[in-house]
Amino acid sequence: MLCLSPCAPHRHLHHLHRRHPPERPGAAAASCRNARGPGVALCLRTPATPEERRQRRRVARLHDASAASASPAAPAAPALKPPETAPAAPAPAVRPTPAAERRGRLREMRRLWWVCGVGYWVQGFRCFPWLALNFHLARGLSLSPVALQLVQNAGNLPLVAKPLFGVLSDAVYIGRAHRLPYISIGALLQLIAWGTLAIIPVTGDTFPTQMACILVGNLGASVTEVVSDAVVTEFSRTQKAGVLQSYAFIALAAGSLLGNLSGGYVLLKTQEPKIMFTAFSVLLGFQLALSLGTKETLPSTPRNTRSRLVTSSLAANLRKQFSNLMMAISEERIFYPLAWIMTSFAVVPILSGTMFCFQTQYLKLDPSIIGLSKVVGQVMVLSLTVLYNRYLKRIPLRHLIAGVQMLYAVAVLSDLVLVKQINLMLGIPNEIHVLCFSALAEAIAQFKVLPFSVLLSSLCPPGCEGSLFAFFTSGLVFSAILSGVFGVGLSTLIGVSSVDYSTLPLGILLQSLAALLPLGWISFLPEKWTADEKVVMQR
């Protein structure tokens, strides 16, 4: 038999002949020739019997066992296994395409706009529960006009602390964010306040608790308003000028319109303020959930690094922010316009609480009429804003504000027409007069703030936008509180009460005359500055 074997067959035959010699000497012996190849032998063998084959296999097994025991240090032949492959390298990170990045930024921007839009809308919709609260205080607790006006002005005290909240949101991070957490805190405070008002009984014994709820609610509202303004100011740096500001103003006006329109109707149908408190609490809960579920994606938000976190101490950050604010206010071109707008509100005594009691208790007007008059006032504000953007912004600021202030003094006299019942002599019902003219003076006063906002936006130093506008709005609130206090003093001085409104016309005349006083220091305003020029001329 001819075979090719990878081993050396003569070794096996040597052992075989040594241990087991052939039984028949005539049997053919195997002859071998070793090839020069690597362990390949050419063998010629004669056929063997089955017994010989079995014996050869036993001998081969014994030989293998003895060879393994004779050389224990020799390593055993490794078992055959599939070739090892190098570990796969981690796949490189797939860089998103520019289109995907734009879509991601647009998605984050829309989510942030939703938070800001809902915040401004809720801020405007606050007139909805406040209308019910005024009726609740006037009818449920039977407060006098002076007491009602004191409650209204005392409740606005937390709004004066807006600059502090603005500085805190600039300097103190909460969970690597410094805007949206404060919005959540403000919404939570309002939810607690209005939710408590919705469940406590309407009695004189609970008045301290109700006053505390009013203060807490306005505290939360001030935090939310300041931080919302800061969000818009900060994010608008990367957007087209005026886009976010217009968006915020539209949301605010829409909430105010809907709040006044629906508030009077709901109060007329239900005569239950607690229902309105509960509805507003549900709305605040939605705002809180939306702010908690949104990731802050502002330009100053730290992302994957801590290098942008505040590394200095909190006290140092606060001192730096207050120092920047004081430096900005101390500039004459900012200080004088701020001084004029604040004093123009403070020196005019406001008789809003007295007029509210006169309309509801003396004239017996429906709440829906009061709410609709506020709606008409908001429509006037929007109309004046459009008119300003189209034409009035080309008028120098000093001349424009002088005309607006004189128009405000004339609009105050519309209340005199209602109190003296001159409208009935002209054939105009009280409802129509209140609907068309009651909110005229308030609308003009709101519009007067707009040119100053544009002026300050063009003068504000970089990095101080949030703090300066917070100071501006808090100054306006403080001026309104002083105006209300003066109104309470005037009502007390002339003897106005819930049963005697005979001296109210005198108070309205004094209010109109006081509205002309700020014209005496109108020179505080820049004479030739217009919104189109964006350049401030020296005084």
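# Contacts in a predicted model

Q: Is E331 buried, exposed or something in between, and what is the value?
A: E331 is partly exposed, with a relative accessible area of 27%. Keep in mind that this is a predicted model.

Q: What does E331 form a salt bridge with?
A: With R333; the closest N and O atoms of E331 and R333 are 3.2 Å apart. R333 has a relative accessible area of 41%, so R333 is partly exposed.

Q: How many salt bridges are there in the whole structure?
A: A search of the whole structure gives 5 salt bridges. One of them joins the side chains of E225 and K162, at 2.8 Å from N to O.

Q: Where does R398 come in?
A: The side chain of R398 meets that of E527 in a salt bridge, 4.0 Å from N to O. R398 lies in helix α15 and E527 in the segment after α20 (504-514), so the pair links distant parts of the chain, 129 residues apart. E527 counts as partly exposed, because its relative accessibility is 40%.

Q: Which residues do salt bridges with shared partners join into one network?
A: R126, K162 and E225.

Q: Back to α15. How far does α15 reach from its first C-alpha to its last?
A: Helix α15 spans residues 397-419, which is 23 residues, and reaches 34 Å between those two C-alpha atoms. That is close to the 33 Å expected at 1.5 Å a residue.

Q: What follows α15?
A: Q421 follows α15, and the phi of Q421 is positive, near 60°.

Q: Changing topic: how many aromatic pairs?
A: The count comes to 13 aromatic pairs. Take F125 and F280: their ring centres are 6.4 Å apart and their planes are at 20°, which is under the 30 degree limit, so the pair is stacked.

Q: Which helices hold F125 and F280?
A: F125 is in helix α3 (residues 98-125) and F280 in helix α10 (residues 273-292), so this pair ties together parts that are 155 residues apart in sequence. F125 and F280 are both buried.

Q: What about W194 and F277, how are their rings arranged?
A: W194 and F277 form a tilted aromatic pair, with 5.5 Å centre to centre and 45° between the planes. W194 sits in helix α7 (residues 180-199) and F277 in helix α10, 83 residues apart, and the pair links these distant parts of the chain. W194 and F277 are buried as well.

Q: Which residues do ring pairs link into a cluster?
A: W121, F125, F128, W130, W194, F277 and F280.

Q: What about K448, which rings does its charged end sit over?
A: The charged end of K448 sits over the ring of F345, 4.2 Å from the ring centre. The charged end of K448 also sits over the ring of Y408, 5.8 Å from the centre of that ring.

Q: Last one. Where is V485?
A: V485 is in helix α19 (residues 465-494). With a relative accessible area of 42%, V485 is partly exposed. The C-alpha atoms of V485 and Q149 are separated by 8.1 Å, and the two residues are 336 residues apart along the chain.

Technical notes: Residues are numbered from 1 along each chain as its sequence is written. This is a predicted model: local features need pLDDT of at least 70, side-chain atom pairs count only at pLDDT 80 or more; totals for chains, interfaces and linings use all residues. Side-chain values use heavy atoms; hydrogens and water are left out. Helices (H or I, at least four residues) and strands (E, at least two) are DSSP runs, numbered from the N terminus. The expected span of a helix is 1.5 Å times one less than its number of residues. Rings of Phe, Tyr and Trp (its six-membered ring) pair if their centres lie within 6.5 Å; planes under 30 degrees apart count as stacked, over 60 as edge-to-face and the rest as tilted. Buried means under 20% relative accessible area, exposed over 50%, partly exposed in between (1.4 Å probe, protein chains only). A charge sits over a ring if NZ of Lys or CZ of Arg is within 6 Å of the ring centre and within 35 degrees of the ring normal.
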